[in-house]
Amino acid sequence: MGCLAGSWLPEIAVRMWMESCLRREFPALAYASLKPVTQLIFTLALVLAAFSLPTAAALREPVHPRRNVEEFAPVEAKFLRFTIRATNRGEPCLDELEVYAAEGLARNVALAANGARAQASGSMQGYGIHQLEGINDGRYGNGRSWIADRIDGAWVQIEFPLPTRINKVVWGRDREGNFIDRLATQYEIQVATDTNIWRTVASSADREPLPAEAKSISGASITRSLVNRFAPVGTTLSVEAGQASSDYRIDVWQTADGLPGNTITAIEQTSDGYLWIGTLNGLARFDGLRFQVFGEASELPNTRVLCLLAGREGTLWIGTEGGGLIGLRDGRSRSLTRLDGLRSDTVTTLAQDRSGQVWAGTPAGLSCWREDKFVQPTALGPPSGSSILVTCVDGSNTLWAVADNQLLTRSSEGPLAKPRGFDPSSFSSVLAAEAGRSGQLWFGGVNGYIGAVSNETVRVYREQPGQLLEAIWALRETRNGDLWAGTANGGLRRLRHGHFTSLTTQEGLSDNSVRCLFEDSEGSLWVGTAGGGLNRVKPRKLTTFTTRDGLAHNVVMSLAEDLEGTLWIGSNCGGLSARRNGVLAPYYANYLLDNECIWSLLSGRDGSLWAGTWGGGLFQMRGREVKNFPVARPGNDEPVVALCEDGHGGLWMGTMQGGLKSFRDGNVSDAQPSKGKPVHPVTALVQEAREGLWVGTSGGGLQLLERGRLTTFGRRDGLPSDFIRALHRDANGVLWIGTGGGLARMQEGKIASFTRSQGLPDEVISQILEDDRTNLWFGCNQGIFRVAAREFEAIAGGKASRVNAISYGRAEGMESLECTGGFYPAGLKTRDGNLWFSTVKGLVMVDPHNISVNEKPPPVVVEQVLTDGMEVPMANTAGSALEFGPGVQRVEFRFTALSLVAPERNRFKHRLDGLEKDWVEAETQRVAAYPHLPPGRYIFRVKACNNDGVWNEAGASIRFSVRPHFWQSRWFDASALIVFLGVGGLMVRLTAVRRLRRKLQRVLEQHSVEQERTRIARDIHDELGANLTRIALLTEVGQKHRHKPEEVSANLSQISVTAREAVRAMDAIVWAVNPRNDSLDNFANYVSQFAEEFFRPTSIRCRLDIPADLPEHPLSTETRHHLFLAVKEALHNVVQHSSASEVWLRLRMDEGELKINIADNGKGIAASFGQGGGHDGLVNIRRRIEDLGGSFDLKSDPSSGTSLLLHLPLPKTGKAWGS
Amino acid sequence: MGFLSIRVAIVEDDKQVRENLAHLIGEAAGFECVATFSSGEEALELWPRRRPDVVVMDINLPGISGVECVRQLKSLAPDIHIVMLTVYDDSDRIFRALEMGASGYLLKRSTTEGILQAIEEVHRGGAPMSSYIARKVVQSFRRQGASDKGVENLSKRETDVLEYISRGYTNKEIAEALGLSAETVRGYLKAVYSKLHVRSRTEAAIKFRR
């Protein structure tokens, strides 16, 4: 490109221009028909022509409302100005103006967060969302954009904090692609080092004009399809690689989450695993989920914490402002002040050397705590009165200190002195120092550098252009060798291999003012900010790509990798994206593909890319050549949701309403094998080795099409559900089947199914992939999880009962937990071994080779024991057993596991020796309660695993005993025998035994109640959660359609129906769990109301026969719930199957038996119920009633209808639970 | 907003629910939302200025409860109609509100039409009653009616009507079954409500005397 030096014309433009020449003037066919030599000459001629032509001849693509890139030769600039001369309509709008530094990591230097300032000729009045700060706030979308107050001559200007060499500007009108008006069509970009001399670096002069239909637009016609009538820009897009944002996940805790204060001064971890957070409002202990605050109310006299040190001997040292030094150990504190010899009552920094001496830096010099007293300060130098900001001890046990903003050191027993080998006075204003693991001593301060002392020499890392290093307040070297610097106002900087990367509020940090840094034992970096609370920064295990990273649309539906290694991404009506050589960009193939709802993709063996769309038929793309084939009828075409090659140059297509179709030589034919039967949507297709095809359907189970013969597998064959969402055939020919109700494996014709009961975190399996180490990966509605294939083998072989599933979700970097399902292929393994999952919010990548596993078993702690709601003091009972008095009603244990990476994924198991034989799977619950424990000795044991399923098998345990009442003791037994030696004594004993037995029984019953609660919790999640998700999605769709009133209104009414459904579901759950409703009367009320409401919209009249006065009968929550579900199911059957015009619901108490009769005057049901199929309902009713100890009678007659009678014996006593 | 519009007031502590309800009612033809109150206290203090025909009242209010507010409002303005709003069926509280003089109840999840219909019905003097409320009424009269002096009991016909309602029959069907006009059936139901109300007041009076 030498001859173009000095010109801004980028190489890419030449290439595009050449492509367009080839495409337009010389049709591909003509070009291809030339002989190779001629081709070469021809190409050379074109290249030469390109080089010799004046630059104006090679026009760039027209401006695009979404994103435009201006590249130019690097130029030094302090100011950059974007001046607009004309727009397609209205005053110009700019959604984010990004300016990239030419050197170092490509980094947007226009960001306000990086210190850049924006100025403009004027902003449109009256719109809060269109103010100037929208231009460089790092946030995309019309809602955060700038609109000028005029058209011609409007300008916006960015002033960089330092003169910076830049080479690229990226701008757009609406990065989210919803608006296309107010687009700058004539503009100029200029730079200057001072505001007098401007130099133009880019303009619209070399761009093609806008296409005609995009030029004159009215407000009403701003639609997505029009956005994409604009010329393609996809090929020139590039996303700046290496952005720190995609590498780290940041979580934030603030006072609202329980932190005592938002200014964090110190973070430390004690050997028991707890994290301690020092704030200006007190000290808090943190287990990853809950803060336990030690403040004024507790033993700590002063709440302004300045520094923390976890001492080797187990003491937590707390340096305070004005309150001296506090040592905290085993729940006891000791306070040391000037009276004890401390130099000042304000302690700014703490360090401990190998001999165990604690060094306390104060504004009045250094103190040393040795063998339970402070050492005479004279020996320590420097002159007392020096303000010590930092102390640290390096690997060779040398003490370093920052005194009066100078770096000093102390070898052996001497005083603090200037370090040897370099002159520390050239590094004044030092604010932070850190002794690195590698032996380096890091320091930094206000002058924009980081120094590293090693072997008496200093290496200095200076800020790079665009990498403003501000005052450094904190430094921390992590185990992997990265150095992190916390700055006063610019967030975090990571120094790795001599290069800086920044992590600021733009990437999710809560505040750019970083006060302290800490790396915990599992490698998470904790960041304390001044005013923004606590942040946890951890590397993402998963990489999520969203529109921020260059994806065209966030709802990803389908994936394919072509022969050249390009990953194609189809979205839900947001077009196609492509990832090529690590660069992800929207593929604006609108003039190629005129449908944007890409629901299925397939890379053909011949190099074609096939796209099945919603309503637009099937597309075949080969390079720039695109063919479109209707699948059903043009205009309103059948959605294609699954694609698969048939091995003979044709395709199989799964469609929504038309079932399976075959495509060959441009013709579509019906391949639905089962004529006459209901057609189910075909959601997944997998080729079987010999000529076979597996067809997954939604509702019709799994089908195998083999030489024209069709075999169907459904629930009766052992599939967990007939709704198939994903298929995967592994290397051994085993077929894995993901359904809406669990996973199934088909091996040699045998089906094994796996559900939550086998340890799956979710049962909606939408995507199945396999890595190179025989792990299976699943995309579900709860994120992604991984299970080793052999674990399923173990279950199928009866050797295990549960799999150990490792879950990945938001904590690991997903933006939404919901993986797309019902489209094929929605998940993909690329040839490099990476796994790709489509989700409703972005594309998720897993590199299974590099995924780190947290091998550290978490410490387990029983934090609290409560008896009858009162806390039992445990501080001084280490080792000895607790003893509870007679008659204690309820013993409760609260425990935690100290793995802080993703505490919400820590799981627990517990067992009460003396009562239980087996471990109870408590999942993520951190409390266990035992009501009515009979007297005896017990050991409560709890173990936990970390986020990667690594268990601490030793766990924690607490011994305790429950003392008997005097009549329960052996002593009493004996004396009773002695004293009564007869009938009286025997009777007492018998009563006691019976009582004990009853008590034990009750404990077991209570336990089943707790299981019931777990189930109810799941109901809440499933029923409410599903509806709320639906509402959220509907709202998003509504926003998309906001310019189409009819669709919005249809949307709104759907939202309102769904919301009411959610409230109804909630009502039912609330009723089910509220113990106030535990009576027969209440049950009757509820059932009658339910029935009324249920039949109101139907044509069936509901008659009730419920006595006004029902006897007082307690009905346990469980009984009530099951009974209700049984009645509900019966009423459902009436509506669904009976064709009745009247139904009677009768309820009676008769001889201690509750009788419920549901009768209708419909057509009756066939006698074949109970065999599965359509009468699942009846089976369920029978099972529920039998589980409750009742029975079930069914009479059915085509002439008189169906009558179902439920009998349930109820205990005669008035109080079932009292004692 | 002609002079025939039904004047509705809303007592509801949730601002969003209150404002949305006010908006929906205000928009509907034949209805006018004349006041919104965020608490029972506010309603009791300010209602006379607005003179609502129908008050839609949340049963779960901060401060004085919805039930208590009904009692006091009814004693200040016996002609006012009150419809209770509940989140889920809280049968005891609903029944107590009815005893205190409320004329009906609504679930918050009801559709706009459902809400407007209920307001219109109580305004016309109707006494909407569901099968389970009917059962409760019969129950309560049967249990206590006989024992307390000075408390009027239900008539035979009123009891009959209630029994039918509790079995899921509509007013029209009851009219047919008993050979009455639908209007008469409604009259019986109104009588039942007022007896219920009178009874609860009498009971309260008896309690005070003790």
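Helices (H or I, at least four residues) and strands (E, at least two) are taken as DSSP runs, numbered from the N terminus. The model is predicted, so local features need pLDDT of at least 70, side-chain atom pairs count only at pLDDT 80 or more, and totals for chains, interfaces and linings use all residues. Residues are numbered from 1 along each chain as its sequence is written, while chains are lettered from A and ligands numbered from 1 in the order in which they are written.

Chain B holds nine helices and five strands. Along the sequence its pattern reads β-α-β-α-β-α-β-α-β-α-α-α-α-α. Two residues are in contact if their C-beta atoms, placed from the backbone, lie within 7 Å. Among contacts in chain B between residues at least 6 apart in sequence, 64% join residues at least 24 apart.

The two chains meet through 18 residues from chain A and 14 residues from chain B. On the chain A side, two or more residues each come from α9 (1045–1073), α10 (1080–1095) and β73 (1101–1105). The largest share, six residues, belongs to α9(A). Helix α10(A) has 16 residues and should span 22 Å at 1.5 Å a residue; its end C-alpha atoms are 22 Å apart, which agrees. The expected span is 1.5 Å times one less than the number of residues. Buried residues of α10(A) include A:Leu1080, A:Phe1083, A:Tyr1086 and A:Phe1095.

A nonpolar core is a set of buried Ala, Val, Leu, Ile, Met, Phe, Trp, Tyr and Cys residues joined through C-beta atoms within 7 Å. The largest has 107 residues, and A:Ala433 is among those with the most contacts inside it. Beyond its neighbours within four places in sequence, A:Ala433 touches residues including A:Val390, A:Trp400, A:Trp442 and A:Leu475. Apart from this core lies another, of 94 residues, with A:Leu542 and A:Phe837 among them.

Chain A also contains an open sheet of four strands, in the order β37-β38-β39-β40, with antiparallel pairing. Strands pair if DSSP finds at least two bridges between them. β37 (556–561) and β40 (583–587) of chain A stand at the edges with a single partner strand each, so one side of each lacks a neighbour in the sheet. Four bridges join β38 (residues 567–571) to β39 (residues 576–580) in chain A. There, A:Gly570 stands opposite A:Leu576 of β39(A).

Note on methods: A residue is buried if 20 or more other C-beta atoms lie within 10 Å of its own, exposed if 12 or fewer, and partly exposed in between; C-beta atoms are placed from the backbone.
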